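This briefing is intended to be read beside the sequence and the three-dimensional view.

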Amino acid sequence: MQFRDFFPVSTNTGLKECSYGALGAFIGLLGTGWLCQWGLGVDAHWLIAPMGASAVLLFAAPASPLAQPWSIVVGNGVSALMGVASATLIPDLALASACAVMLAIAAMFLTRSLHPPGGAVALTAVIGGESIRELGVGYVLLPVLINSALLLILGLCYNRVLGRRYPNGGKAQPNRHQTADPEPSARLASATDIDFALEKHGELLDISRQDLQELLQEAQLHALRERVGTVCCRDVMSRDLIVITPDESAMAAWHLLAHHRIKALPVVDETGRLAGILTLHDLMIDRERQQPREAIALAQWRVAELMTREVRTARSYQPLYDLVGAFSDGGLHHMPVLEGDQLVGILTQSDMVAALFTLALQPGLADEGVPSP
């Protein structure tokens, strides 16, 4: 232990997020109080002090596992029950207070609903005065569960308006192929690996597995940026392009793909501007019916009718690391490269894999630029 350990730790939280958290707590507590006092006609105990602590978590740290809906409602509920039981069964105030918080923590761990304000909820049941004691088990429902539920509803609405991910269940979103596999960028540091590290660490960390995995991926991407350096799309893209025009037949496109053993054709107009892209998937699958196309029907179609018009493109000077996510988790296989509005190259997954593998073996190339294939 060192003296500097007693100083505040930087939270890296911007002024905007701080403002959102403070304003959210104001709205949440004011709304909960008004709804209890006038909406439900509650005359006394319409808002208890521990709700202030719940509001801090719900509005200022909504990504925390301790701020999730189950923790807020169940954590406060079981804590209230433990507090009432301790106040009823133990006459000594100090002993009852200690037992209430101890039992509340144990109950929250058992129900997987750890919520720090729950300790204050349990303590309030013991030291809240005669009026709180008179409520008995009713204290659990009103004000604790009513307060918790109303505060949670307001928090859900507020975080949804801000576009925050709440509830944050800590589970990764399904990948674009709708399979159980994690996204490619997450496979080197899988959830199993993170679970192993967390279990080895032992202590409770106030961060979800998903958030921890995302932070690890961001750190890896930053390291990749540092390693890749100045390598741009123009250093690794294919320049000798096989293209097609919108007026040509789909069968002609098929023959080009087969002859050159490629899977996509940039579609350009007479001025060389990119008009779209035609992939092997476009030729084989009818997007509307999700059915295979008949080979004989390809002669009846034109490229303009089958191509994808909204194409994600890159710039020739764009850093290579900018596109890693699009090719890995984004599912792209080909990306046209432009200079101004002119097509000058195409970047494929093969180009990306070869370039990154070469840079891994020869890091010094990042400063020189990888020669074009």
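A residue is called buried under 20% relative accessible area, exposed over 50%, and partly exposed in between, with a 1.4 Å probe and protein chains only. By that definition Arg 261 is exposed, at 79% relative accessibility. The model is predicted: local features need pLDDT of at least 70, side-chain atom pairs count only at pLDDT 80 or more, and totals for chains, interfaces and linings use all residues. Residues are numbered from 1 along each chain as its sequence is written, and side-chain values use heavy atoms, with hydrogens and water left out. Helices (H or I, at least four residues) and strands (E, at least two) are DSSP runs, numbered from the N terminus.

**Nonpolar surface patch**

- Leu 23, Phe 26, Ile 27, Leu 30, Trp 34 and Trp 38 make up a nonpolar patch on the surface, and their accessible area together is about 650 Å².
- Patches consist of residues with over 30% relative accessible area and no salt bridge; like charges are joined within 9 Å, and nonpolar side chains (Val, Leu, Ile, Met, Phe, Trp, Tyr) within 5 Å.
- Accessible areas come from the Shrake-Rupley method with a 1.4 Å probe, and for residues only the protein chains shown count as cover.
- Leu 30 belongs to helix α1, which covers residues 15–39; with a relative accessible area of 32%, Leu 30 is partly exposed.

**Annotated transmembrane regions**

- An unreviewed UniProt entry assigns the feature "transmembrane region" to residues 20–40, 47–64, 95–115 and 135–158.
- UniProt positions are given in the numbering used here, feature names are shortened, and annotations may be inferred rather than shown by experiment.
- For residues 47–64, the end C-alpha atoms are 24 Å apart, and the span is 61% helix and 0% strand.
- For residues 135–158, the end C-alpha atoms are 32 Å apart, and the span is 92% helix and 0% strand.

**Strands and their pairing**

- Two strands pair if DSSP finds at least two bridges between them.
- Strands β1 (residues 264–268) and β2 (residues 274–279) run antiparallel and are joined by five bridges; Ala 264 stands opposite Thr 279 in β2.
- Five of the five residues of β1 are buried.
- In a regular strand the side chains alternate between the two faces of the sheet.
- In β1, Ala 264, Pro 266 and Val 268 point one way, while Leu 265 and Val 267 point the other way.
- The hairpin of β1 and β2 has five residues between the strands, and Gly 272 there takes a positive phi near 90 degrees.
- Elsewhere, three strands form an open sheet of mixed pairing in the order β5-β6-β7. The edge strands, each pairing on one side only, are β5 (314–315) and β7 (342–348).
- Strand β6 (residues 334–339) pairs with β5 in the parallel sense over two bridges, and Leu 338 in β6 is the bridge partner of Arg 315.

- Most residues other than glycine have a negative phi, and most peptide bonds are trans.
- The peptide bond between Leu 142 and Pro 143 is cis, with omega about 20 degrees; Pro 143 is in helix α7 (residues 138–161).
- A cis bond also leads from Tyr 166 to Pro 167, with omega near 0 degrees; Pro 167 is in the loop between α7 and α8 (191–201).
- Arg 112 is not a glycine, yet has a positive phi of about 55 degrees. Arg 112 is in the loop between α4 (93–110) and α5 (117–127) and is exposed at 74% relative accessibility.
- Arg 261 likewise has a positive phi of about 55 degrees, in the loop between α11 (250–260) and β1.

**Salt bridges**

- Two salt bridges are found in a search of the whole structure; the term means a side-chain nitrogen of Lys or Arg within 4 Å of a carboxyl oxygen of Asp or Glu.
- Arg 164 pairs with Glu 17, the closest N and O atoms being 2.8 Å apart. Arg 164 is in the loop between α7 and α8 and Glu 17 in helix α1, so the pair ties together parts 147 residues apart in sequence.
- Arg 164 is buried, at 14% relative accessibility, whereas Glu 17 is partly exposed at 36%.
- Asp 341 pairs with Arg 273, the closest N and O atoms being 3.0 Å apart. Asp 341 is in the loop between β6 and β7 and Arg 273 in the loop between β1 and β2, so this pair ties together parts 68 residues apart in sequence.
- Asp 341 is partly exposed, with a relative accessible area of 38%, and Arg 273 is partly exposed at 42% relative accessibility.
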